[in-house]
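Have the model open and follow along.

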Amino acid sequence: EEDGFRIAILNYTYGTNGVPLPEGMPYAVELLDKEKVAADLKEAEEKADFVVVCPHWGTEYRLEQTGEQESWAAFFAENGADLVIGTHPHVVEPVEWITAENGNESLCYYSLGNYVSTQKNALSMLEGMAWLTFHVAEDGVSIERKTTGVIPLVCQYTSGPVRFENVYLLEEY
């Protein structure tokens, strides 16, 4: 919460990349489950002015979203998410506005890439930073459509023991 503006951030994953879930710690990882996600989104809408969902989803190194990502994005929008910022593919994927059947709209960044990485694949060195402006009014909070997009970035690293060097604006690289 900042100046009375409340943001809820929810995080889910399709799976754990083969790593077993910790025994006795069901709260450690939230798997994508429609019943659970719908309940969480309902609670988040009651407690916050703006709801962000950060799913770990998609196919690594694929430059386009999958049908499953599109289905989940529509589900998030239908259930009240205002913004979706996807992770996992290691590359930048499309950004689009989703309009749910019930009229809810959300902005979906399917994947912004890695941000910081030492992966040698050139496409994994390019990333994006979400750019958006909130409009706060008496009747609620929304995203200004004209001031949204992606700021292109590139991650520079070296071959030394501390491989990460810096993240630069692509236009200044």
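**Cysteines, cores and a pocket**

Start with C54, which is buried at a relative accessible area of 16%; buried here means under 20% relative accessible area, exposed means over 50%, and partly exposed is anything in between, with a 1.4 Å probe and protein chains only. Before going further, keep in mind that this is a predicted model, where local features need pLDDT of at least 70, side-chain atom pairs count only at pLDDT 80 or more, and totals for chains, interfaces and linings use all residues. Residues are numbered from 1 along each chain as its sequence is written, and side-chain values use heavy atoms, with hydrogens and water left out.

Back to the cysteines. The structure holds zero disulfides, a disulfide being a pair of cysteine sulfur atoms within 2.5 Å. For C54, the nearest cysteine sulfur belongs to C108 and sits 11 Å away. Seen from the other end, C108 is in no disulfide either, its nearest cysteine sulfur being that of C54. C108 is buried too, with a relative accessible area of 0%.

C108 also leads us to the largest nonpolar core, which has 22 residues. A nonpolar core is a set of buried Ala, Val, Leu, Ile, Met, Phe, Trp, Tyr and Cys residues joined through side-chain atoms within 4.5 Å. The residues with the most contacts inside this core are V37, L41, W57, W72, F76 and C108. At least two core residues come from each of β1 (7-13), α1 (34-47), β2 (50-56) and α2 (67-78); helices (H or I, at least four residues) and strands (E, at least two) are DSSP runs numbered from the N terminus. The biggest contribution is from α2, with five residues.

Setting aside neighbours within four places in sequence, F76 is in contact (heavy atoms within 4.5 Å) with L32, V37, L41, V53, P55, W57, A81 and V84. Apart from this core lies another one, of eleven residues, including F5, F50, V52 and V141.

At 42% relative accessibility, K34 is partly exposed. Its contacts, again leaving aside neighbours within four places in sequence, are S71, W72 and F75. K34 and F76 are 42 residues apart along the chain, and their C-alpha atoms are separated by 9.3 Å.

Now for the largest pocket, with a volume of about 240 Å³. Grid points are joined across faces, edges and corners, and the volume is the space filled by probe spheres set on the points. The largest pocket is lined by 16 residues, and the closest to its centre are A81, D82, E105, V141 and S142. Both β2 and β8 (140-143) supply at least two lining residues, and β8 gives the largest share, three residues.

Most residues other than glycine have a negative phi. N17, though, has a positive phi of about 55° without being a glycine. N17 is in the loop between β1 and α1, and is partly exposed at 48% relative accessible area. H90 is the other case, with a positive phi of about 70°. H90 belongs to the loop between β3 (83-85) and β4 (95-99), and is buried at 18%.

A polar atom of the S124 side chain lies 3.3 Å from the backbone oxygen of H90. S124 is buried, at 0% relative accessible area. Not counting residues up to four places away in sequence, S124 touches Y61, H90, V91, N114, S117 and Q119.

Finish at Y109, in strand β5 (residues 105-109). Y109 is buried, at 0% relative accessibility. Beyond residues up to four places away in sequence, Y109 touches L83, V84, I85, G86, P94, V95, A130, W131, L132, G149 and V150. L21, in contrast, is 88 residues from Y109 in sequence and 27 Å from Y109 in space, C-alpha to C-alpha.

How values were computed: A polar contact is a pair of N or O atoms within 3.5 Å; within protein, one must be able to donate a hydrogen and the other to accept it, and residues adjacent in sequence count only if both atoms are side-chain atoms. On a 1 Å grid over the protein atoms alone, a cavity is a set of points where a 1.4 Å probe fits but cannot get out, and a pocket is an open set with protein on both sides within 12 Å along at least five of seven lines; lining residues have an atom within 4 Å of a point.
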